[in-house]
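Subject: A structure for you to look at

Hi,

I am handing over the structure we talked about, with a few notes on what turned up. Please open it and follow along as you read.

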Amino acid sequence: MSSASCQFVVEPNAAPAGIEERHRLMSIPEFGVVFTDHMVTIRFSIENGWHDARLVPYAPLSLDPASAIFHYGQEVFEGTKAYRTPDGGIVLFRPDCNARRFNASAERMGMPAMPENLFIEALERLVSADAAWVPEAKGASLYLRPFMIALDKSLSVRPSRDYLFVVIASPVKAYFAGPPVPLKIWVTEEFTRAAQGGTGFAKCGGNYAASMKAQAEAAANNCDQVLFLDAVNRSWIEELGLMNIFFVLEGMKLITPPLNGTILPGVTRDSIIHLAAELGFSVEERLYAFSELCDDALCGRLKESFVCGTGAVVAEVGQFQTRHKTFTLPDRSDSDTVAQILRKALVSIQRCEMPDTNDWIRRVSTPRI
Ligand SMILES: *Cc1c(COP(=O)(O)O)cnc(C)c1O
């Protein structure tokens with residue numbers, strides 16, 4: 001089905017936030033609580049495929065309480081950002097990757113795929129309508145949240161026939177405020193995130209719902225994030241609740257767990273792997289046991305660890321903690337860490353401050369409303 005069959009109806013917000021109000025809203029530091037003037041909605045039904053595409057004022061959705069989404073959680077989402085460039089333009093970073101991953105997630109959840117060009121058009125239309133909401137400040141961006149929910153008014157347990165796709169946008173500051181403080185990572189020995197055959201590789205709300213308790217346990221232990229180990233052996237390192245993880249070993253070697261079905265294939269992860277290789281690192285995607293991490297840390301082979309995702313970009317890890325032990329990574333705050341080098345390389349491509357040799361950048365034409 002081509003998106004040509006899906007004409008957008010554009011209904012501009014008659015009462016958009018004024019300039020002062022917008023600036024006030026954009027200065028709120030909390031992540032993901034302020035939204036722009038518009039949103040995109042597109043419907044899907046078995047009979048009509050994707051149809052009824054709209055760019056409309058941001059507003060609450062009105063849904064039947066029996067809608068399948070509320071009962072069995074048939075839902076997928078994405079996360080990407082629009083960035084302001086030095087010349088005042090706006091770009092998206094690898095939105096085709098998000099479109100493909102969205103479809104891979106949808107497929108796993110028994111939901112319909114969306115033509116990649118329609119997915120990208122939805123992002124572009126929203127960004128260009130709300131271009132004034134794309135921040136200029138360093139580290140700030142417009143976070144885009146596409147998602148799809150099951151709409152059937154039915155308590156039967158089966159894939160829905162009707163779906164709603166929505167894109168909303170939220171201006172965000174740098175995820176971790178202030179100068180980078182190395183993260184404390186709680187390694188949970190009790191909870192797991194995903195198993196073979198499950199939904200670990202899909203970006204679905206259910207994975208997050210199931211990780212909240214472990215995240216609360218991390219917070220109760222004064223840690224920032226939780227690291228999950230594999231569900232079978234409880235030994236192989238997988239990822240955090242919302243970020244992938246890398247280890248830097250001596251000899252310019254990077255290790256990151258392989259995409260074996262239980263790990264979310266991060267666009268940031270993939271970009272870091274490319275950039276690290278370009279910068280002369282050897283990158284191994286391989287199983288890495290928590291015990292191996294402990295050994296490498298104890299004997300000094302482990303130089304750094306960092307986590308990555310669209311929200312936080314790249315953040316350094318300072319400490320790993322379990323119920324039984326804590327180990328701290330060497331303090332490297334006085335020198336250029338590999339994490340900082342890779343972060344800088346990635347951010348300067350996203351901001352168009354470096355040549356985009358990998359064809360990752362997609363310019364958004366503005367304004368379009
Ligand atoms: C979204 C997500 C990531 C990071 O993916 P990016 O595409 O880099 O933002 C990592 N792990 C999980 C579980 C995620 O949901």
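Before we start, one term: a polar contact is a pair of N or O atoms within 3.5 Å. Please also keep in mind that this is a predicted model.

Let's begin with the ligand. A polar side-chain atom of T268 is 2.6 Å from one of the ligand's oxygen atoms, so this pair falls within the 3.5 Å cut-off. T310 also has a polar side-chain atom 2.6 Å from an oxygen atom of the ligand. From V267 it is a polar backbone atom that lies 2.8 Å from a ligand oxygen. On its own the ligand would expose 390 Å², and the protein buries 97% of that.

Now look at what is around it. The ligand is surrounded by 15 residues, with K203, Y208, E239, T268 and T310 the closest. Sorted by class, this shell holds five nonpolar, six polar and four charged residues. The space that the ligand takes is the second largest pocket.

Elements that give two or more residues are β5 (80–84), α6 (267–278) and α8 (338–350). By class, the lining of the largest cavity has five nonpolar residues, six polar and one charged.

Enjoy exploring!

Terms used: Residues are numbered from 1 along each chain as its sequence is written. This is a predicted model: local features need pLDDT of at least 70, side-chain atom pairs count only at pLDDT 80 or more; totals for chains, interfaces and linings use all residues. Side-chain values use heavy atoms; hydrogens and water are left out. A residue is near a molecule or strand if one of its heavy atoms lies within 4 Å of it. A polar contact is a pair of N or O atoms within 3.5 Å; within protein, one must be able to donate a hydrogen and the other to accept it, and residues adjacent in sequence count only if both atoms are side-chain atoms. Accessible areas come from the Shrake-Rupley method with a 1.4 Å probe; for residues, only the protein chains shown count as cover. On a 1 Å grid over the protein atoms alone, a cavity is a set of points where a 1.4 Å probe fits but cannot get out, and a pocket is an open set with protein on both sides within 12 Å along at least five of seven lines; lining residues have an atom within 4 Å of a point. A molecule sits in a cavity or pocket if more than half of its atoms lie within 2 Å of its grid points. Ala, Val, Leu, Ile, Met, Phe, Trp, Tyr, Cys and Pro count as nonpolar, Asp, Glu, Lys and Arg as charged, and the others, Gly among them, as polar. Helices (H or I, at least four residues) and strands (E, at least two) are DSSP runs, numbered from the N terminus.
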